[in-house]
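Got a new model open and wondering what the labels on it rest on?

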Amino acid sequence: MKQPIYLDNNATTPLDPRVLEAMLPYFTEKFGNAASRNHAFGWVAEEGVDYAREQVAKLIGCTEKEIIFTSGATEADNLAIKGVFEMYKEKGNHIITAVTEHKAVLDTCKHLEKNGARVTYLGVKEDGLIDLAELEAAMTPETILVSIMYGNNEIGVIQPVKEIAAIAHKHGALFMTDATQAVGKIPVDVNADGIDLMAFSAHKMYGPKGVGVLYVRRKNPRVKVTAQMDGGGHERGMRSGTLNVPGIVGLGKACELCRLEMESESARLSALRDKLETTLNKMEESYVNGNTQHRLPHVANISFKYVEGEGLMMAMSDLAVSSGSACTSASLEPSYVLKSLGLSDDLAHSSIRYGLGRFTTEEEIDQAIEVTQKAVNHLRELSPLWEMFKEGIDLSKIEWAEH
Amino acid sequence: MAYSEKVIDHYNNPRNVGTLNKDSKFVGTGLVGAPECGDVMRLQIEVGEDNVITDAKFKTFGCGSAIASSSLATEWLKGKTIDEALSIDNMDIVEELALPPVKIHCSVLAEDAIKSAINDYRVKNGLEAIVLEKSHH
């Protein structure tokens, strides 16, 4: 079977062969437990972890001691939010987040609501960005944490992180960000940005799955989180469990490569993305979702009106992309992120996310354009809605038999 | 999700795509579903002598299974009498296309579209609309 063109790099990225090479010895001869202090096997493993810690720290502008290794961004999000809630509950119980956050943040907040937290879910503007005045108005003396993602996974918009951090700090709250889609893709500096806690994972930046980071600020202020797992007290007592040494080494290497190649790579990707987006946006009744000024270089989210996302994906089986339509259950729920931008259900159902990556070529983008155009045209020929639109019928005036 | 070969075949080569003159009294049109739900089917039949369906056309906005269900429905309708067409059950479509449980609603929609087209034809020709039992969703 011919492999489809991979344009779903927001879901996961392939492992860079250079990362794999760095990891391999840590599966075999360097197999030691990084916590074994009494012999060379442990020391060698610890050295690998320490070096990775430096590589990670360098990418985000922090010190090595501020890096807590986890199993991924989901665990890091859980540890940050639950850990802050438990550690700072004397101070307050209020958390502010946004409706477009990843489920790892939203569901963690929902869980805490059952345990006495009060959570404000900020809406977003049409372009996917939060309203800073709304954030300011939501702050209370009980607010302990503001958790807003750096770059959105579905539409790629970048939130005004610096301004959000300033507002949080002005009111004595901590600022946490899920930066899974941003770290390694665009410059992220925890000091310049005013970030107190930050979650991200290796597999979105050409590293292995199953390893991630929670950055926890140590100075100005010194931030603490309550551990969510009991055990050997690894990672400064915040995350117990034997370190995933090969994974951590791979994460370190992935961070280093991203840091060294970021400038040229983000320019290359945004040029390819713009080519894809501009060409497809020329098609009749196609719409680009989300702010196009403040966003990640490698993401395009486009709605093709009058065709349905899942049907469209089937016609584009030569492309591995993602649809805003989750028509796999009888409930037919379209993407909550797109809906929160104010998109109607039918436009949300008609959306496709293209996620470019390090191994995407211009030839692949040209093919993706061709496949998409052909698929959209094929489905529009089949679409009663397209025909009605062409006849000038106002679809919103029709009484649909909802089922 | 993996689609069955039959779904893929109907999807790639849909039968009887098109539009009949909805103002003709020999044509019945059924438009079911809603854009918000992610699928809309329009199914049309043309009825000749002895209540035999001489032509059927469809257009569908929806996933591959929805397109295949309506394409298959038009194939089955041609040559049937209206009474025979009324006996088409959504589970026949499920079986023929090997639809997975999450896609059964596509077949239900196709059955609804057939009945709705027949009713449109009946009403146009001075007959009473058939009271439809709520199909099993």
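Q: What makes strand β15 (residues 351-355) of chain A largely enclosed by the rest of the structure?
A: In this predicted model, five of the five residues of β15(A) are buried, so the strand is largely enclosed. Buried here means that 20 or more other C-beta atoms lie within 10 Å of a residue's own.

Q: How do you know which faces of β15(A) are covered?
A: Look at the residues on each side. S351(A), R353(A) and G355(A) sit on one side, I352(A) and Y354(A) on the other, and all of them are buried. That's both faces covered.

Q: What makes strand β10 (residues 299-304) of chain A a partner of β15(A)?
A: Pairing takes at least two bridges between the strands, and β10(A) and β15(A) have five, in the antiparallel sense. For one spot to look at, A300(A) stands opposite Y354(A).

Q: How many bridges join strand β12 (residues 322-323) of chain A to β15(A)?
A: Two, and the strands run antiparallel. The cut-off for pairing is at least two bridges, so β12(A) counts as a partner too. Within β15(A), R353(A) is the bridge partner of S322(A).

Q: What makes β2 (67-70) and β4 (118-122) of chain A edge strands?
A: They belong to an open sheet of seven strands with the order β2-β8-β7-β6-β5-β3-β4 and mixed pairing. β2(A) and β4(A) each pair on one side only. From one strand to the next, the twist averages 20°.

Q: How do you know that β3 (residues 94-98) and β5 (residues 143-147) of chain A are paired?
A: Three bridges join them, against a requirement of at least two. These two strands run parallel, and H94(A) stands opposite T143(A) in β5(A).

Q: Which helix packs on this sheet?
A: Helix α6 (residues 161-170) of chain A does, touching β5 and β6 (174-178) of chain A. Its direction makes about 150° with that of β6(A).

Q: Why are the buried residues of helix α4 (residues 90-97) of chain B said to lie on the same side?
A: The buried ones are N90(B), I93(B), V94(B) and L97(B). They cover an arc of only 100° around the axis, which puts them on the same side of α4(B). Their cover includes α1 (5-12), α2 (64-77) and α5 (104-124) of chain B. Just after the helix, A98(B) takes a positive phi of about 50°.

Q: How many residues does each chain bring to the contact between A and B?
A: Chain B brings 27 and chain A brings 26. On the chain B side, the elements giving two or more residues are β1 (27-34), β2 (39-47), β3 (53-61), α2 and α5. The largest share, four residues, comes from β1(B). By class, this side of chain B has 16 nonpolar, seven polar and four charged residues.

Terms used. Residues are numbered from 1 along each chain as its sequence is written. Chains are lettered from A and ligands numbered from 1 in the order in which they are written. This is a predicted model: local features need pLDDT of at least 70, side-chain atom pairs count only at pLDDT 80 or more; totals for chains, interfaces and linings use all residues. A residue is buried if 20 or more other C-beta atoms lie within 10 Å of its own, exposed if 12 or fewer, and partly exposed in between; C-beta atoms are placed from the backbone. The arc is that of the directions from the helix axis to the C-beta atoms. Two residues are in contact if their C-beta atoms, placed from the backbone, lie within 7 Å. Axes are lines fitted to C-alpha atoms, for helices over the stretch in contact, and angles run from 0 to 180 degrees between N-to-C directions. Ala, Val, Leu, Ile, Met, Phe, Trp, Tyr, Cys and Pro count as nonpolar, Asp, Glu, Lys and Arg as charged, and the others, Gly among them, as polar.
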